[in-house]
Amino acid sequence: MGTDGITLVTGGSRGIGAATATLLTEHGRRVVVVDILPEPIPQCDAVVWPEPFDVANESAVVVGIAAIEKTHGPITGLVNAAGIFGKMHPVEKVRMDNWDREINIDLRGTFLVARSVGEHMAQRRQGAIVNVASVAGMTSGPIHAYTAAKAGVIQITQTLAAEWGRSGVRVNAVSPGFTRTAALEAGIASGALSNERLARNTAMNRLVEPAEVAQAIIWLLSPASSGVTGINLPVDAGFIAGSTWDAYGGLRHAPDKI
Ligand SMILES: NC(=O)c1ccc[n+]([C@@H]2O[C@H](COP(=O)([O-])OP(=O)(O)OC[C@H]3O[C@@H](n4cnc5c(N)ncnc54)[C@H](O)[C@@H]3O)[C@@H](O)[C@H]2O)c1
């Protein structure tokens, strides 16, 4: 992400994408948001692309990226935040239409947008891409297609970093832990997830805030991380570090405060 050009945020009308678009505009970046359900972000100067933009539709992505660059100028930063959560099921209950939908949006969609934008960045020898993966792609869980899709996102991040490293394009991923977005709150409200259980397994005993993921994304887009490419940065309040402690009796409480 240089000072010129625009940053494109997919899935930017809500959640982590919206928090990232908001923080980017606060840092003075020109931001264009695309979403399958485009809606303005409250108190944010980002431009919302008015047409519904489906990251999983190849021809729509190619045509849409060309139209956005024609209207708003070259994309020098890309945040792939569009995604859907996985349905929680025992393996024998996994429906293949749900499997296809999750893989199509979360993995294929991330690849399609990264490729369409990254090709142009490589030709211009400038750009930074951040893919939003998940701790679910680094561990196991009863969300069979989602974990596979997110592991795939971490993998393609490395591959694209290698592909475009000599062309001046950096490609990194962030892996949020359980992050307090409307999508997660809906899972809690439905009873499928429990706030207390999600927090309990993290070192910090809490959920992640969308703005905390946005801060990591902005660092990976910015020249401050100019030597970093191909990494996957967990932003998880210590979920990866803490989630195995249950096997040893659980995480320790903080000592009495002095
Ligand atoms: N919230 C969490 O706990 C969490 C944890 C780890 C990873 N993530 C990942 O972060 C990303 C954002 O999640 P969120 O929690 O902000 O969810 P969210 O539902 O709040 O936001 C996702 C956005 O993507 C859009 N979208 C969905 N399908 C699309 C498509 N086909 N094309 C374009 N846009 C589409 C939605 O309309 C929505 O605006 C997802 O990739 C998700 O898997 C979230």
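Being 4 residues apart in helix H6 (residues 195-200), Glu196 and Arg200 are separated by about one helical turn. This is a predicted model, and in it Glu196 and Arg200 form a salt bridge whose closest N and O atoms are 3.1 Å apart. Glu196 has a relative accessible area of 49%, so it counts as partly exposed. Arg200, at 44% relative accessibility, is partly exposed as well.

**Salt bridges**

How many salt bridges does a search of the whole structure find? There are 8 of them. Side chains of opposite charge can pair when their charged atoms come close.

| Salt bridge | Closest N and O atoms |
|---|---|
| Glu39 and Arg14 | 3.5 Å |
| Arg95 and Asp97 | 2.7 Å |
| Glu196 and Arg200 | 3.1 Å |

Let us take Glu39 and Arg14, which form a salt bridge with their closest N and O atoms 3.5 Å apart. This pair links distant parts of the chain, the two residues being 25 residues apart. Glu39 sits in the loop between strand S2 (31-34) and strand S3 (47-48), whereas Arg14 sits in the loop between strand S1 (6-10) and helix H1 (15-26). Glu39 counts as partly exposed because its relative accessibility is 43%. Arg14 is also partly exposed, at 34% relative accessibility. Asp35 joins the picture too: Arg14, Asp35 and Glu39 are linked in a network of salt bridges.

Arg95 pairs with Asp97, and here the closest N and O atoms are 2.7 Å apart. With a relative accessible area of 43%, Asp97 is partly exposed.

**Around the ligand**

Which part of Thr181 has an N or O atom 2.8 Å from an oxygen atom of the ligand? That atom is in the side chain of Thr181. Ile16 takes part through its backbone instead, with an N or O atom 2.8 Å from an oxygen atom of the ligand. Asp54 lies by a nitrogen atom of the ligand, which is 2.9 Å from an N or O atom in the Asp54 side chain.

Rolling a probe the size of a water molecule over the atoms shows where empty space is left.

About 70 Å³ of space lies in the largest cavity. Arg95, the partner of Asp97, is one of the residues that line this cavity. Among the others are Lys87, His89, Val94, Trp99, Glu102 and His144. Which helices each supply at least two residues of the lining? They are helix H3 (96-124) and helix H4 (144-164). H3 gives the largest share, 3 residues. By class, the cavity lining has 4 nonpolar, 3 polar and 3 charged residues.

Conventions: Residues are numbered from 1 along each chain as its sequence is written. This is a predicted model: local features need pLDDT of at least 70, side-chain atom pairs count only at pLDDT 80 or more; totals for chains, interfaces and linings use all residues. Side-chain values use heavy atoms; hydrogens and water are left out. A salt bridge is a side-chain nitrogen of Lys or Arg within 4 Å of a carboxyl oxygen of Asp or Glu. Buried means under 20% relative accessible area, exposed over 50%, partly exposed in between (1.4 Å probe, protein chains only). A polar contact is a pair of N or O atoms within 3.5 Å; within protein, one must be able to donate a hydrogen and the other to accept it, and residues adjacent in sequence count only if both atoms are side-chain atoms. On a 1 Å grid over the protein atoms alone, a cavity is a set of points where a 1.4 Å probe fits but cannot get out, and a pocket is an open set with protein on both sides within 12 Å along at least five of seven lines; lining residues have an atom within 4 Å of a point. Grid points are joined across faces, edges and corners, and a volume is the space filled by probe spheres set on the points. Ala, Val, Leu, Ile, Met, Phe, Trp, Tyr, Cys and Pro count as nonpolar, Asp, Glu, Lys and Arg as charged, and the others, Gly among them, as polar.
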